[in-house]
Amino acid sequence: LLTTGYTAMVDGSFPLSRRHYKIQLGQSYSSTYSGMENYGAGQDLLADSWFVGSTQYTKYDAINAVTNLGGSNRLNKLVPSPINIDSLDVWNPAAVKFFK
């Protein structure tokens, strides 16, 4: 599923209305929760920061949006559109390089 989704993001066929999935996936694979095995290890799928237009967001903005029940509309605002290779900026560049 992850590689299929990645391919759809790269070729531009990923549904625009579901771009919040990138934030949810990135949040779930980040080491920012105390009590988790990899807490504080810096093994984050989310990038440290990225831009949507002229607004800069951080991984903590994304995590707060998810954990405070942001809903898909709020989360979608954290992801650049259209969905293509440039919208992968929300993910850690090392992880994106690995997927390629």
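Modeller: A residue is called buried when its relative accessible area is under 20%, exposed when it is over 50%, and partly exposed in between, using a 1.4 Å probe and protein chains only. Val-79, at 2% relative accessibility, therefore counts as buried, and it sits in the loop between H4 and H5. Everything here comes from a predicted model, in which local features need pLDDT of at least 70 and side-chain atom pairs count only at pLDDT 80 or more, while totals for chains, interfaces and linings use all residues. Residues are numbered from 1 along each chain as its sequence is written, and side-chain values use heavy atoms, with hydrogens and water left out.

Helices (H or I, at least four residues) and strands (E, at least two) are DSSP runs numbered from the N terminus.

Beyond its neighbours within four places in sequence, Leu-78 is in contact (heavy atoms within 4.5 Å) with Ile-23, Trp-50, Val-52, Tyr-57, Asp-61, Ala-62, Ala-65 and Val-90. Ile-23 belongs to H2 and, with Gln-24 and Gln-27, meets Ala-62, Ile-63, Val-66 and Thr-67 in H3. Helix H2 (residues 20-28) packs against H3 at about 100 degrees with the axes 9 Å apart, the axes being lines fitted to C-alpha atoms over the stretch in contact and the angle running from 0 to 180 degrees between N-to-C directions. H2 and H3 are therefore roughly perpendicular, a label for angles of 65 to 115 degrees.

Strand S1 (residues 49-52) runs antiparallel to strand S2 (residues 55-58), joined to it by 4 bridges, and in S2 Gln-56 is the bridge partner of Phe-51. The two strands form a hairpin with 2 residues between them, where Gly-53 in the turn has a positive phi of about 65 degrees. Although Val-79 and Gly-53 are 26 residues apart along the chain, their C-alpha atoms are separated by 9.9 Å.

Asn-76, in helix H4 (residues 71-76), is buried because its relative accessibility is 8%. Not counting residues up to four places away in sequence, Asn-76 touches Leu-16, Ser-17, Arg-18, Arg-19 and His-20.

Conventions: Parallel < 35°, antiparallel > 145°, perpendicular 65-115°, else oblique. Pairing = 2+ DSSP bridges.
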